[in-house]
Amino acid sequence: MTTQDDRGAVVLARAHGLFNIAGGLWPLLHLTSFEKVYGPKTDRWLQRTVAGLLVGIGWTQVRAARTPDGVRQARRLGMATAATLLTADLLCVPTGRIRPTYLLDAAAEALWLRAWRAGAVQPEPPARRTGSVLAAAAALAAGCATGGLLASRVLRRPPEQEVSELTRARYLRHPAAR
């Protein structure tokens, strides 16, 4: 592994870590706006648990050592997290368990997987390394832009515009659990 490979992998690990931290902090800091975008949740403890795990994983990625072992750990965490979230998004949206807005997250997770798979932590030709950096940048930009757009739309809504019972029932399989 060359110095260039190390730098690219560390940048990728930190970018993905920041993405995971931001994704985890949002429901922890402002659950109301998160639920307006991604739908009401029956098990808020589960939402908070997943959010806390994302913050912890992201922090670990951001703090990954600049050694080959540290980068490999950040890569394993990043790929496992992205694959898990992508799978959950793709399995639960079609069944109606979660809102279609989760497909935006699925796209970002797929881009993170692409960035990690492109070989940012493996010795490779410079042309391929550029692809992994571009995929990471695209994932980070897409996630930030989507999050900002969705948050601005939610925060601009008049407070009297609440989620209808029909909408709530569609995304909550167990209304009695509220």
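A residue counts as buried when its relative accessible area is under 20%. With that in hand, welcome to this predicted model, a chain with 7 helices and 0 strands. Buried residues make up 40% of its 178 residues.

**The chain as a whole**

- Among contacts with a separation of 6 or more, 71% are between residues 24 or more positions apart.

**Aromatic pairs**

- A pair of aromatic rings is described by how far apart the centres are and by the angle of the planes.
- The structure holds 5 aromatic pairs.
- One of them joins phenylalanine 19 and tryptophan 112 in a tilted arrangement, with 5.5 Å from centre to centre and 55° between the planes.
- Phenylalanine 19 sits in helix H1 (residues 3-29) and tryptophan 112 in helix H5 (residues 102-117), so this pair ties together parts that are 93 residues apart in sequence.
- Phenylalanine 19 and tryptophan 112 are both buried.
- Tryptophan 26 and tyrosine 38 have ring centres 5.8 Å apart and planes at 70°, so their pair is edge-to-face.
- Because tryptophan 26 belongs to helix H1 and tyrosine 38 to helix H2 (residues 31-38), that pair ties together parts 12 residues apart in sequence.
- Tyrosine 38 has a relative accessible area of 11%, so tyrosine 38 is buried.
- Ring pairs also link Trp26, Phe34, Tyr38 and Tyr102 into a cluster.

**How helices H4 and H5 pack**

- Two packed helices are described by the angle between their axes and by the distance between those axes.
- Helix H4 (residues 68-95) packs with H5 at an angle of about 150°, and their axes are 8 Å apart.
- Angles over 145 degrees count as roughly antiparallel, so H4 is roughly antiparallel to H5.
- The crossing in which H4 passes H5 is left-handed.
- On the H4 side, the residues that meet H5 include Ala74, Gly78, Met79, Leu86 and Val93.
- On the H5 side, the residues that meet H4 include Tyr102, Leu103, Ala106, Trp112 and Trp116.
- Sorted by class, the contact of H4 with H5 has 15 nonpolar, 1 polar and 5 charged residues.

How values were computed:
Residues numbered from 1 in each chain as written. Predicted model: local features only at pLDDT ≥ 70, side-chain atom pairs only at ≥ 80, totals over all residues. Heavy atoms only, no water. Phe/Tyr/Trp six-rings, centres within 6.5 Å; stacked < 30°, edge-to-face > 60°. Helix = DSSP H or I, 4+ residues; strand = E, 2+ residues; numbered from the N terminus. Buried < 20%, exposed > 50% of the residue type's maximum accessible area, 1.4 Å probe, protein only. Axes fitted to C-alpha atoms, helices over the stretch in contact; angles between N-to-C directions. Parallel < 35°, antiparallel > 145°, perpendicular 65-115°, else oblique. Left-handed = near helix turned anticlockwise from the far one by under 90°. Contact = heavy atoms within 4.5 Å. Nonpolar A, V, L, I, M, F, W, Y, C, P; charged D, E, K, R; others polar.
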